[in-house]
Amino acid sequence: MRTLDIVIILIVITLGTIACGCINEQAEEDRTVEDISETTEQVMSGGTDTIYQFSIINALLEGVYDGEVSSAELKEHGDFGLGTFDDLDGEMLELDGVIYQVKADGNVYEVDDTTTSPFAVVTFFETDIEDIFSEQMDNQQMAEHIADLLPSENIMYAIKITGNLSYLKTRSVAAQEKPYPRLVDVTKDQSVFEFNDTRGTIVGYWMPEYIDGINVPGYHLHFITEDRTGGGHILEYTIDSGIIEIDSTDGFYLELPENENYLGTGFSQDTEGELEEAEN
Ligand code: ZN
């Protein structure tokens with residue numbers, strides 16, 4: 001564990017507790033910081049239904065690209081996820097415990113454990129819902145199809161889709177220099193890659209509306225080809241067949257950066273509309 005974990009904000013939404021209303025309020029009030037950090041450790045070590053996130057999406061929108069969390073640390077928190085790298089050097093995708101970097105030149109690299117990230121979202125993926133499909137769907141149709149599979153819009157989901165895609169458009173971004181530009185300005189010069197008849201895995205999340213500012217509400221999906229030679233942040237796709245796996249997640253653990261880039265950045269500017277433009 002990191003030494004300054006005191007700055008960690010822990011949000012654990014326990015559906016069962018909410019459902020039965022059985023919170024012992026006095027006991028809750030008596031909990032100390034030590035108790036909470038113990039719970040935190042339990043969640044981090046044993047609880048796989050927890051999404052671990054480093055930094056917030058609004059920091060990325062504001063141009064906070066200094067890497068801080070290492071790939072080694074991310075692997076302690078999950079074997080599946082997405083993010084970016086120090087200086088915004090490409091798109092991150094973690095699958096089966098391996099962290100890949102899709103650079104702006106389109107090449108894919110396996111990163112070493114010392115590589116750092118300014119923003120990442122990982123979890124230990126466990127399939128709760130599985131759906132095998134063989135009808136062609138574009139990204140909009142798939143979004144609606146998955147929405148029908150989700151039991152509630154009030155929790156969070158890790159989403160993995162492995163299949164054959166007749167079309168795919170992804171993007172990646174190049175490493176930036178200080179003073180870092182805002183994300184919306186970087187993505188104006190993003191590299192776009194198109195694939196026809198490719199096979200691979202879509203890796204990402206569906207998040208509720210209330211996550212706005214912290215993460216991306218709705219879908220945020222990255223892709224990697226089966227042969228690990230291409231991928232990126234998904235812009236659009238048409239998938240012909242495959243398997244959808246969904247991990248229902250009721251724990252969310254947010255760790256905030258301690259670096260000067262993050263601490264010294266103001267979040268006053270209205271980012272409304274910038275998320276949509278930068279991500280889609
Ligand atoms: Zn992305």
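Which residues touch the most other members of the largest nonpolar core? In this predicted model, the largest nonpolar core holds 37 residues, and within it Tyr205 and Met207 are the ones that touch the most other members. Helix α4, which spans residues 57-61, gives the most to this core, contributing four residues.

The surroundings of Met207 can be followed residue by residue: leaving aside residues up to four places away in sequence, Met207 touches Ile51, Val121 and Met156, the run of Asn215, Val216, Pro217 and Gly218, and also Phe252.

From the cores we turn to strand β4. Five of the five residues of β4, residues 80-84, are buried, where buried means under 20% relative accessible area, and so the strand is largely enclosed by the rest of the structure. The burial concerns both faces of β4, with Phe80, Leu82 and Thr84 buried on one side and Gly81 and Gly83 buried on the other.

Strand β4 also has two pairing partners to consider. Four bridges join β4 to strand β9, residues 120-123, in an antiparallel arrangement, and here Gly83 stands opposite Ala120 of β9. Four bridges likewise join β4 to strand β5, residues 91-95, and these two strands run antiparallel, with Gly81 standing opposite Glu94 of β5.

Terms used: Residues are numbered from 1 along each chain as its sequence is written. This is a predicted model: local features need pLDDT of at least 70, side-chain atom pairs count only at pLDDT 80 or more; totals for chains, interfaces and linings use all residues. Side-chain values use heavy atoms; hydrogens and water are left out. Buried means under 20% relative accessible area, exposed over 50%, partly exposed in between (1.4 Å probe, protein chains only). Two strands pair if DSSP finds at least two bridges between them. A nonpolar core is a set of buried Ala, Val, Leu, Ile, Met, Phe, Trp, Tyr and Cys residues joined through side-chain atoms within 4.5 Å. Contact means heavy atoms within 4.5 Å.
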